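Please take a moment to look at the sequence and the structure before we go through them together.

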Amino acid sequence: MKRPICSTGLRWLWLTVVLIALDLGIKQLVLKEMNLYEPHPIMPYLNLMYAQNFGAAFSFLADEGGWQRWFFAGVAIAISIILIVMMYRQSAQKRLSNIAYALIISGAIGNLSDRLMHGFVVDYIDFYIGNWHYPTFNLADIAICLGAALVILEGFLPDKSKKKEG
């Protein structure tokens, strides 16, 4: 028997759509309005700066000659499919995990889109202290990290469904 989609975790995919639209919109503005590696100060310790990331987090594997583009694209697709299936299998009432999965999917698809369209990920948030700069990142990266943190947090919270059974 089929469950209505609105009763599954897929109900939370609206968050994915909103974040993908925001991420891609910001990236289009960055590509159109900014020069590569030219910092635009926002406040102390924070610049907007267009950077190209050919690797993964912290430019991991960025200098590997191109195969990594397709590897990371495949990983993003696989993770997104797995999380969508997991969302479908669980109740919409499991808010924390559904929100976490929606965040991770939005980040994976936002960066996947860049890899497929440009061959690199568009990064633009430059956090720094003095001469030390944290690796430049974007909204998609924030969504992935926040989603992963929520998954970890959920692991520490008591499972309410088990309490009801006992």
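The protein chain has an accessible surface of about 10,200 Å², and carbon and sulfur atoms account for 69% of that surface. Such areas come from the Shrake-Rupley method with a 1.4 Å probe, and for residues only the protein chains shown count as cover. Please note that this is a predicted model, in which local features need pLDDT of at least 70 and side-chain atom pairs count only at pLDDT 80 or more, while totals for chains, interfaces and linings use all residues. Residues are numbered from 1 along each chain as its sequence is written, and side-chain values use heavy atoms, with hydrogens and water left out.

Let me turn to the overall layout. There are 5 helices and 4 strands in the protein chain; these are DSSP runs numbered from the N terminus, with H or I over at least four residues for helices and E over at least two for strands. Along the sequence, their order is α-β-β-α-α-β-β-α-α. Of the 166 residues, 37% are buried, where buried means under 20% relative accessible area, exposed means over 50%, and partly exposed lies in between, with a 1.4 Å probe and protein chains only. Taking contacts between residues at least 6 apart in sequence, 67% join residues at least 24 apart; a contact means heavy atoms within 4.5 Å.

What lies inside? The largest nonpolar core has 15 residues, and Leu15, Leu83, Met87 and Leu103 touch the most other members. A core of this kind is a set of buried Ala, Val, Leu, Ile, Met, Phe, Trp, Tyr and Cys residues joined through side-chain atoms within 4.5 Å. At least two residues of this core come from each of α1, α2 (67–89), α3 and α4, and α3 gives the most, with 6 residues. A second, separate core has 8 residues, among them Val30, Met34, Tyr50 and Leu139.

Ser106, placed in helix α3 (residues 95–118), is in contact with Thr16, Leu19, Ile20 and Ala143. Ser106 counts as buried because its relative accessibility is 2%.

Next, the strands. Strand β2 (residues 46–53) pairs with β3 in the antiparallel sense over 6 bridges; two strands pair if DSSP finds at least two bridges between them. In β3, Val121 is the bridge partner of Asn53. β3 and β4 also run antiparallel, joined by 2 bridges, and Trp132 in β4 is the bridge partner of Ile129. Their hairpin has 2 residues between the strands, and Gly130 there takes a positive phi near 60 degrees. In strand β3 (residues 121–129), 7 of 9 residues are buried.

Finally, the surface. Which residues form a nonpolar patch on the surface? They are Tyr45, Phe127, Ile129, Trp132 and Tyr134, with about 520 Å² of accessible area together. Patch residues have over 30% relative accessible area and no salt bridge, with like charges joined within 9 Å and nonpolar side chains (Val, Leu, Ile, Met, Phe, Trp, Tyr) within 5 Å. A salt bridge is a side-chain nitrogen of Lys or Arg within 4 Å of a carboxyl oxygen of Asp or Glu. Tyr134 counts as partly exposed because its relative accessibility is 33%. Tyr45, in the loop between β1 and β2, has a positive phi of about 80 degrees although it is not a glycine.

Technical notes
Lists of a residue's contacts leave out its neighbours within four places in sequence.
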